[in-house]
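User: I'm new to this one and would like to learn how to read it. Could you walk me through it?

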Amino acid sequence: MRNLENNRVLVIMPAWNEADCVGATVAEVLRLDEPYDVLVVNDGSTDGTPQLAAAAGATVLNLPFNLGVGGAMRAGFKYAQRLGYRQVIQVDADGQHDPRNIREVLNGLESADISIGARFADRGDYTVKGPRKWAMKLLAGVLTKLAKTPLTDVTSGFRAGNTRAIAQYLDHYPAEYLGDTIDSLVVAIRSGLKVTQVPVEMRPRQGGTPSHHPIKAAVYLGRSFFALAFALTRKRSNVALPLPLMAGKN
Amino acid sequence: MPNIAAFFLALAIVGLVAEMLRRKKLREKYAIWWLVVGIATLVLAAFPQLLDYVAQAVGVQLPSNLLFILSILMLLGVCLHLSWEISVVEEETRALAEEVAILRIQIERINEVMVAGRPAGSKDPEVEP
């Protein structure tokens, strides 16, 4: 095993059947002149995702079956904690998140525990409409109130965390739908973690299709209400307030 | 007037649960519900007038309705208990899956190091075995 104090940054990419883009995204991150290690969490893919990711230079965490994004992220965070990474950032495997923005999002950690790369923050031209838009607006409003800092894109999967964020995430286990974003964020804020956002542009996905079906969007609205309502009543995580070095714990 | 059929049915249920427990096919925490039901049915089959008495005491006009409501509540309880248990099991499975995945990476790394004969900690892109 490696040393338990690690000054590199772990880029966690949950990937489920992302063979058509994971290789390119990993290579793009590793091409940057930055101290990044890439961990692709292979969430039970049945295509060539793990091989392509490994070929591109990523470490591949092979989950034996599909756990969903929340589960994949928890596995990634656990790995980060075991190996003593002090900063992690989640990046989508589909190439939506521009790897050149990683540094900007990480810089947000200087003043916060969680830093979110946000769409809609007066940068880029990402748009949604219908129930999905209302849901996002509502969630953003509630989370902004809760965090006492403007948050415009709480479902963004482009977020960075420090050791406190990692410890809190592992304590809370958000495995449900939207658990990796809304639920984890609400409980993190209520547990005393500081959240900030950094405006970023989103690129069109390099593979796969986004869902814009109205029924799916309505279901999304319902489920996000559900996730929010539960998150607001959940038990807080017990994370020590001064910045602890959780490295090597467990 | 004891109800012979109901009595033997209840006896069969209690016997079955006891046998499953004995063979370790059923854990005690699940069996307890069925034992309670079986024994209650046994008692009721032996002394049916007990049901009329209890129904009157709690203000249920038709004794059989009391029996139905109790059965429904009991089945609901069992269902909830099982849902709860399966959630716990699922959570444990998830944790194990994560653990296995992390251990696998570490074993692959150790293998690589042993094959290459180089000291641990050297940075190498992972190679699928």
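Predicted model: local features only at pLDDT ≥ 70, side-chain atom pairs only at ≥ 80, totals over all residues.

User: What span should the 17 residues of H5(A) have?

Analyst: At 1.5 Å a residue, H5(A), residues 131-147 of chain A, should span 24 Å, and its end C-alpha atoms are 24 Å apart, which agrees. After H5(A) comes A:Lys148, with a positive phi near 55°.

User: Now strands. How do the side chains of a regular strand lie relative to the two faces of the sheet?

Analyst: They alternate between the two faces. Take S2(A): A:Tyr36, A:Val38, A:Val40 and A:Asn42 point one way, while A:Asp37, A:Leu39, A:Val41 and A:Asp43 point the other way. Eight of the eight residues of S2(A) are buried, leaving this strand mostly covered.

User: Is S3(A) enclosed or open?

Analyst: Five of the five residues of S3(A), residues 59-63, are buried, so this strand is largely enclosed by the rest of the structure. Both of its faces are covered, with A:Thr59, A:Leu61 and A:Leu63 on one side and A:Val60 and A:Asn62 on the other.

User: How many bridges join S2(A) to S3(A)?

Analyst: Five, and the two strands run parallel. A:Leu39 has A:Thr59 as its bridge partner in S3(A). To get from S2(A) to S3(A), the chain crosses through helix H2, residues 49-55 of chain A, in a right-handed β-α-β crossover. A:Val41 stands opposite A:Leu61 in S3(A).

User: And what joins S1(A) to S2(A)?

Analyst: Seven bridges do, and these strands are parallel as well. One facing pair is A:Met13 with A:Val40 in S2(A). S1(A), helix H1 (residues 22-31) and S2(A) make a right-handed β-α-β unit.

User: Which residues have the most contacts inside the largest nonpolar core?

Analyst: That core has 74 residues, and the ones with the most contacts inside it are A:Val11, A:Met13, A:Leu39, A:Val40, A:Val41, A:Ala53 and A:Val195. Helix H3 of chain A, residues 68-82, gives the most to this core, with seven residues.

User: What about H4(B): does H4(B) lie largely in the open or is it mostly buried?

Analyst: Of the 54 residues of H4(B), three are buried, so this helix lies largely in the open. The buried ones are B:Arg94, B:Glu98 and B:Ala101, and their cover includes S3 and H3 of chain A. The length check works here too: at 1.5 Å a residue, H4(B), residues 63-116, should span 80 Å, and its end C-alpha atoms are 79 Å apart, which agrees. Just after H4(B), B:Gly117 takes a positive phi of about 70°.

Technical notes
Residues numbered from 1 in each chain as written. Chains lettered and ligands numbered in written order. Helix = DSSP H or I, 4+ residues; strand = E, 2+ residues; numbered from the N terminus. Expected span 1.5 Å × (residues − 1). Buried ≥ 20, exposed ≤ 12 C-beta atoms within 10 Å, placed from the backbone. Pairing = 2+ DSSP bridges. Right-handed = clockwise from strand over helix to strand, strands pointing away. Core = buried A, V, L, I, M, F, W, Y, C linked by C-beta atoms within 7 Å. Contact = placed C-beta atoms within 7 Å.
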